[in-house]
Amino acid sequence: MKILVLPGDGIGPEVVDEAVKVLDFLFQKRRMKIEFEFELIGGASIDKYGVPIRDEVLEKAKNSDAILLGAVGGPKWDSLPIDRRPEAGLLKIRKALGLWANIRPIKIFPELSYISPLKNSDGIDFVVLRELTSDVYFGQPRGVFGDHALNTMIYRKEEVERIAHFAFEVALKRKKSVTSVDKANVLEVSSFWRKIVSEVAQKYPDVKLEHVYVDAMTYYIILNPQKFDVVLCPNLFGDIISDEAGGIIGSLGLCPSASLGSLNFGGGRIQGLYEPVHGSAPDIAGKSIANPIATLLSTSMLCEYSLGMKEEASLIETAIRDVLSEGFRTQDLVEKKSQGEKNKLQKGKRGKTKIKVVSTKEFGDAVVRSLKKLII
Ligand code: NAD
């Protein structure tokens, strides 16, 4: 098997290094022959080759079992035209691989509940599933026409059906509940979406389906996030809802994601692109203080979906949790609160755990140490 690694820019290479270290350890332990290939994307590729991603790299991506990506972008490239910026590399690779489903788990580690802006963050554990290839972002016609501008919101039946199936399949493996987000009281496209999702639901009698308007959804996510399991969103609403959902767990450094282009939950392997939700964080790049958890959790998803290594996927999560229980934290996980709160944290919410602020690399090393103990 082959994994294409695209570290990208800013903190991308720093967090990806830790993810590769963890994967490498697991593959050696399991005596698995998995090849890593490293390539450039984003600003790094622009600097060397003049383009955000080369066709050759797109070909390599197509021929890989999984792609692990760090992040792209930074002020150095901000003045370039949109189609030559680092972010264009991301769009190109998603398109080339035909990725239409973006999965973003929103889960809070109990050890980190203090970092959530919500008073009660215990038990938050849901998944935002966003359709990636259609909606107002891709509908034609679009443009600015003299005195008016136009974008077209569109969904085709097959696009709604495949993402709805995906949502129900994911729900079957979780708490068996799907919340479909739309604006069916105002938009025809949303009524259509609602109708198709309801039709697909007939095939999944064990899964509970509810429809929620997007405006109400933004409210419920803050008020009662514990109630959700799988949140199914069209592209535009998913873009907004998934960022809001990321906000309630307190740090971008904790949010992983997977983008997939096929539906195969029968235990087989599917190709996917795995990346942390955060960007290249130029403000902290090069300081070795970036939080690698989002990328490590993305590799856990990579193991589960693309390599069929379910046990190893959950081992990665357990190892991260162990490291947090031992008191290891990157900078972003201790500085959110006032000094008073910080002292409270230093005493430790769980027994007498002493908080140790560590570098990106030290956190990754601690995860490998924990895995060594877990794998006998
Ligand atoms: P960002 O996610 O890079 O950073 C926002 C804030 O979160 C910063 O203060 C940063 O220090 C912090 N942060 C992010 N990840 C962190 C981590 N792992 N550990 C600790 N702190 C972390 O968003 P931004 O500043 O708006 O964007 C910076 C660049 O990244 C831009 O060029 C943007 O276009 C790009 N970007 C890329 C992606 C991607 O590659 N998928 C996503 C979003 C933004």
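Student: Which residues form a nonpolar patch on the surface?
Tutor: Tyr219, Tyr220 and Leu223 do, with about 330 Å² of accessible area together. Accessible areas come from the Shrake-Rupley method with a 1.4 Å probe, and for residues only the protein chains shown count as cover. Patches are made of residues with over 30% relative accessible area and no salt bridge, with like charges joined within 9 Å and nonpolar side chains (Val, Leu, Ile, Met, Phe, Trp, Tyr) within 5 Å. A salt bridge is a side-chain nitrogen of Lys or Arg within 4 Å of a carboxyl oxygen of Asp or Glu. This is a predicted model, in which local features need pLDDT of at least 70 and side-chain atom pairs count only at pLDDT 80 or more, while totals for chains, interfaces and linings use all residues. Residues are numbered from 1 along each chain as its sequence is written, and side-chain values use heavy atoms, with hydrogens and water left out.

Student: Where does Leu223 lie?
Tutor: Leu223 belongs to helix α7, residues 214-223. Helices (H or I, at least four residues) and strands (E, at least two) are DSSP runs, numbered from the N terminus.

Student: Is Leu223 buried or exposed?
Tutor: Leu223 counts as exposed because its relative accessibility is 54%. Buried means under 20% relative accessible area, exposed over 50%, and partly exposed in between (1.4 Å probe, protein chains only).

Student: And which residues are buried in α7?
Tutor: Val214, Met217 and Ile221 are. They cover an arc of only 40° around the axis, so they sit on the same side of α7; the arc is that of the directions from the helix axis to the C-beta atoms. Tyr219 and Leu223 are exposed on the other side of α7.

Student: What covers the buried residues of α7?
Tutor: The cover includes β5 (125-131), β8, β9, β10 and α8.

Student: Changing topic, which residues of α6 are buried?
Tutor: In α6 these are Val189, Ser190, Trp193, Ile196, Val197, Val200 and Ala201. They line one face of the helix, because they fall within an arc of 145° seen down its axis.

Student: What do they pack against?
Tutor: The buried residues of α6 pack against α5 (157-172), β8 (177-182), β9 (208-213), β10 (230-233) and α8 (235-248).

Student: Which residues is Leu209 in contact with, beyond its neighbours within four places in sequence?
Tutor: Leu209, in strand β9, is in contact with Phe168, Val178, Ser180, Val197, Ser198 and Ala201. Contact means heavy atoms within 4.5 Å. The C-alpha atoms of Leu209 and Phe168 are separated by 8.9 Å, and the two residues are 41 residues apart along the chain.
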